[in-house]
Amino acid sequence: MTTGAWIMLAFGCVVLYGGLVWSLVHIKPGTSKTGKQQKGTGRRKR
Amino acid sequence: MAERREHWRGRPQFLLAAIGSAVGLGNIWRFPYVAYANGGGAFLIPYFVALLTAGIPLMMLEYALGVRMQAGPPVAFGRIKKGLEWVGWWSILAAFVIITYYAVIMAWCWNYLYHSFTLAWGADAKDFFYSNVLQLSKGSGELGNPVMGIVIGLLLTWVVVYWIIHKGIGRVGKVVMATVPIPIILIAILVIRGITLPGAAEGLNFYLTPDFSRLLDPHVWLAAYGQIFFSLSLAMGIMIVYASYLPKRSDVTNNAFITSFANCGTSFFAGFAIFSTLGYLAHTTGVDISEVARAGPGLAFVTIPTAISKLPVAAAFFGVIFFLTLLTLAVDSLFSLVEADVTAVMDKWGFNRQRVTFVICLIAFIIGLLVFSSQAGLYWLDIVDRWVNNYGLAAIGLAEVIVIGYIFGAKSFRKFINSVSEVKVGVWWDIMIMVVTPIILGATIVLSFYQEFTKPYGGYPTWARISGGWAVVVAIVILSFVLMLKKARGRRKTQAKMPQKARGKGGKRR
């Protein structure tokens, strides 16, 4: 492959897959159900 | 008592469903060619800019609308302002038109899956596709009879879609756990096979070698924005509907980033499978890659089958893998479109889901049977697809950004987005929604008009372009107003959770 093709291959990988990884690591823990921090279980019903 | 709206069982289900909807046939048969034709690797620059400035902001808009309003597009837009419900119906009707022919493309895939076990297309894949599979007539005026192979594939497609949709979002969530990862794995198999073939490097050079001088051409930028807009399943109501099945305070921005990057990453990846295979075909036949590179059905059903039949080993296996990839890519895009229609009808009139699903599938099947499965089906498919995309979806997208940007107010909408999201967006989002995206979509529509009048599309006769193109677009607009004016059933209208300020008398009564 040409050097230009290799450079654009690297560019595509960095921006597209880098973007995907960036957004995945920004998922906050405990948000899988509602997208919002789940309430803790510290407060119990009396 | 108001019925509780169904919800996805967890965020992964929603994300997979949204990614499955966005990733479709266009990722494999359109993106690689558009990239090649618009500067090769250099196209990635406008493509990435378009993703950040239009694709992701619009995706956020649609997700936020669904999450906030907890309803499909007609009811959601109606809640923004009474009298705007037609914008939602517009997108729903466009989605309906698309499903009538998208299912027929799936029917072709079923046929090819069957034929790939024996590589039935032989040495002349072009003749096989047009004469055997489509039995194509001489022109759009010669409808001929429905083609039996396509009818069987069409029936199979609608049975599968009905089975997935009729039980509700719960079954959709389970199905996407399989139908989204499978095509990615299959594409990976095709990439590995492709890049290990002789001539693959030459093909990839065509795909990726940058021609930076093309970046000065405005058409390249419009092509990038068009590719982003049409490949993310925007303006069809799907993302609003899928997000409406999330709980009310779900993340918006990060979900939009994940869906958009996953979709574009798949397109980029699929390009390696396509262009390495094209390189191999050029290598074995001795023709230039520019002679074999193309987009659309011609690529999937003529060029790639030709290359597959020339594979040194296990050609039938890779034929099966390729058409399974197309089927699994298409199926979740198709049922997401149907789901958008079903949800819109259920939200407004409160009909039973199974009945609504059955009626929509049946009507779409009949239209597909009579028009797109006929011997002139390919011509009509091409005309309707062109008009619905270039005028219908672009205009709907324009209407959406105007409604949110100027009528609801971009700033207050952004405030809501930031109140629920993991990644906060700044004032740039307002600028994209109020200025950049309307200009781009407006320019796309104007350019399409200009091209239509200077060089009519596809060389079709005027009556065919009017009846299959303009008439369909006008019918969508008129019908969207008719559906808006058709009153919701009293009971169901009040069941929908209307915001306090928008709640009318009916809301008080129950």
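A crossing of two helices is termed right-handed if the near helix is turned clockwise from the far one by less than a right angle. In the present model, which is predicted, this description applies to a pair of helices in chain B, where α4(B) passes α14(B) in a right-handed crossing. The helices concerned span residues 44–69 in the case of α4 and residues 253–285 in the case of α14, and their axes come within 9 Å and cross at roughly 140°.

Elsewhere in chain B, a nonpolar surface patch of about 630 Å² is formed by B:I402, B:Y406, B:I407, B:V427, B:I431, B:V435 and B:I439. Two helices of chain B, α19 (377–420) and α20 (428–454), each contribute at least two residues to this nonpolar patch. B:V427, a further member of the patch, is placed in the loop between α19 and α20 of chain B. The relative accessible area of B:V427 is 52%, and the residue is therefore classed as exposed, the cut-off for that class being over 50%.

Chain A, for its part, comprises 46 residues, of which 24% are buried, and its secondary structure consists of one helix and zero strands.

Key. Residues are numbered from 1 along each chain as its sequence is written. Chains are lettered from A and ligands numbered from 1 in the order in which they are written. This is a predicted model: local features need pLDDT of at least 70, side-chain atom pairs count only at pLDDT 80 or more; totals for chains, interfaces and linings use all residues. Side-chain values use heavy atoms; hydrogens and water are left out. Patches are made of residues with over 30% relative accessible area and no salt bridge: like charges are joined within 9 Å, nonpolar side chains (Val, Leu, Ile, Met, Phe, Trp, Tyr) within 5 Å. Accessible areas come from the Shrake-Rupley method with a 1.4 Å probe; for residues, only the protein chains shown count as cover. A salt bridge is a side-chain nitrogen of Lys or Arg within 4 Å of a carboxyl oxygen of Asp or Glu. Helices (H or I, at least four residues) and strands (E, at least two) are DSSP runs, numbered from the N terminus. Buried means under 20% relative accessible area, exposed over 50%, partly exposed in between (1.4 Å probe, protein chains only). Axes are lines fitted to C-alpha atoms, for helices over the stretch in contact, and angles run from 0 to 180 degrees between N-to-C directions.
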